Amino acid sequence: MTVRTLITAATFGLAAVVAAYAAEPQEVRQEMMKQVGGATGAMAKMVKGQEDFDQAKVIEALTTISSSMAEFPAQFPEGSETGMDTEAAPAIWEKKDDFEAKAMSLKEEADAGIANPPADLDGLKAMFGPLTKSCGSCHETYRLKKEG
Amino acid sequence: MSSPSGEAKRPASKGAGVYVLGGLALATVIGAGIFWFVTEPHPVSDERLAAIEAADADAARGESLFWAGGCASCHAADGAEGEDRLVLSGGHRLTSDFGTFVVPNISTDAKAGMGGWDLKSFANAMLAGIGPDGSHLYPSFPYGSYIRMSDQDVADLYAFMQTLPASDEINAPHELNFPFSIRRLVGGWKFLFLNNDPRVELANADDQLSRGQYLVEGPGHCGECHTPRNLLGGLKAAEWLAGAPNPEGEGIVPNITPGGPDISAWSASDIAYYLESGFTPDFDSVGGSMVDVQKNMAELEAADREAIAAYLKAVPSHPNGY
């Protein structure tokens with residue numbers, strides 16, 4: 001590896017870090033939720049029978065959900081209530097503890113699935129229903145469809 | 001100051017005053033008459049009641065109407081899960097421009113609920129918006145949609161409700177702003193907006209589409225949230241399902257006609273899957289007041305969800321109603 005590629009890599013690495021810090025929390029949290037949605041979709045395709053059961057992919061999806069949910073509640077600082085098409089509901093700032101508890105409970109469910117991964121499709125189905133109930137129970141109070 | 005013409009006017013205007021007063025009095029009498037006529041409660045006809053009573057009622061079929069009608073969403077206690085959603089103790093608060101409605105107990109308790117109601121009282125509530133004492137019920141109870149339910153379905157639903165547990169919970173009265181606190185006024189609303197006409201005309205509807213129309217416009221009462229309202233609280237007929245501002249505060253209820261920004265890209269099976277699972281095609285999960293509706297929809301037969309999806313694909317497209 002030449003010095004030049006090292007420097008280039010370092011520069012790009014730094015750029016990525018800077019970009020991550022520069023992104024507004026509204027964008028960061030929407031991107032996290034898109035990841036969670038993608039991971040959920042990967043498992044749903046197996047549950048629906050559109051794809052074969054694949055334990056490695058299930059663990060990967062659960063890992064994405066767990067790591068996103070760990071960081072998610074920190075993306076709602078004061079001042080980020082509106083803007084950038086956010087669908088965050090005002091209730092997040094009114095009931096911060098409950099909001100964080102809901103995020104943590106989804107994280108814990110995902111962690112439990114990683115620790116004891118489903119062995120087959122039936123196992124996945126048994127886990128998938130309860131896990132995804134957490135999505136609606138948070139969106140019910142904390143996400144609002146807005147115009148546009 | 002006083003000019004001859006001014007002098008001449010005085011007696012004339014006095015006379016006019018008398019006429020105006022007389023006219024006002026007359027108008028008031030006619031007005032009161034019209035008011036009384038227009039706002040009078042009209043119960044379900046005896047023939048229809050006889051047909052409903054004659055129906056061979058089946059509680060099991062009634063359960064699917066209970067879910068289609070979303071009774072638990074309003075009448076179960078806030079946050080109730082699982083079996084508790086069958087305890088219709090009321091207490092949920094519905095905020096509106098007219099004030100706050102506190103949903104009543106309709107469990108089988110004879111005192112606090114509707115344990116003492118016969119099928120006739122129940123049919124009058126569902127199909128005419130009239131309480132057992134003969135007074136109007138407020139349309140925050142969505143009988144403006146339930147009025148489209150069939151005789152058989154009303155009988156089945158009543159039979160199912162008799163199987164539900166009793167709760168002796170007594171709820172607070174509604175907190176409505178004057179003049180909306182006067183029940184008689186609801187008669188004016190009914191005169192203007194209550195009828196069981198189809199919301200849309202669908203040419204050559206097959207059985208599936210007709211079933212979807214019945215579920216959405218009748219028991220499912222989807223338009224109560226998804227259609228914008230005028231100042232008097234009536235649904236804007238020309239913007240059926242075009243979406244509306246969220247009645248409970250910030251945000252919107254989305255446009256679910258084929259012109260809706262999200263749903264325009266969904267297939268009928270995407271819509272049916274959303275109603276079954278709560279997931280959109282890009283695996284966003286249902287939110288807001290639709291969470292509860294979706295839980296109810298998940299209890300229906302797959303064919304009913306498919307019928308609803310077919311109907312949503314067939315209704316006229318509208319721009320957003322918000």
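Asn204(B) sits in the loop that runs from H8 to helix H9 (207-217) of chain B; helices (H or I, at least four residues) and strands (E, at least two) are DSSP runs numbered from the N terminus. The model is predicted: local features need pLDDT of at least 70 and side-chain atom pairs pLDDT 80 or more, while totals for chains, interfaces and linings use all residues. Residues are numbered from 1 along each chain as its sequence is written, chains are lettered from A and ligands numbered from 1 in written order, and side-chain values use heavy atoms, without hydrogens and water.

Asn204(B) has phi near 50°, a positive value in a residue other than glycine. Asn204(B) is exposed, with a relative accessible area of 79%, whereas His221(B) is buried at 17% (buried is under 20%, exposed over 50%, partly exposed in between; 1.4 Å probe, protein chains only). His221(B), with phi near 40°, lies in the loop between H9 and helix H10 (223-226) of chain B. In the loop between strand E3 (175-176) and helix H8 (186-193) is Pro179(B), whose peptide bond from Phe178(B) is cis, with omega near 5°.

Chain B is divided into domain 1 (42-196) and domain 2 (199-322), with bounds from an automatic or database domain assignment. Between these domains of chain B there are two salt bridges (a side-chain nitrogen of Lys or Arg within 4 Å of a carboxyl oxygen of Asp or Glu). On the side of domain 1 that touches domain 2, helix H3 (59-69), strand E1 (93-96), helix H6 (143-146) and H8 of chain B each give two or more residues. H3(B) supplies the largest share, five residues.
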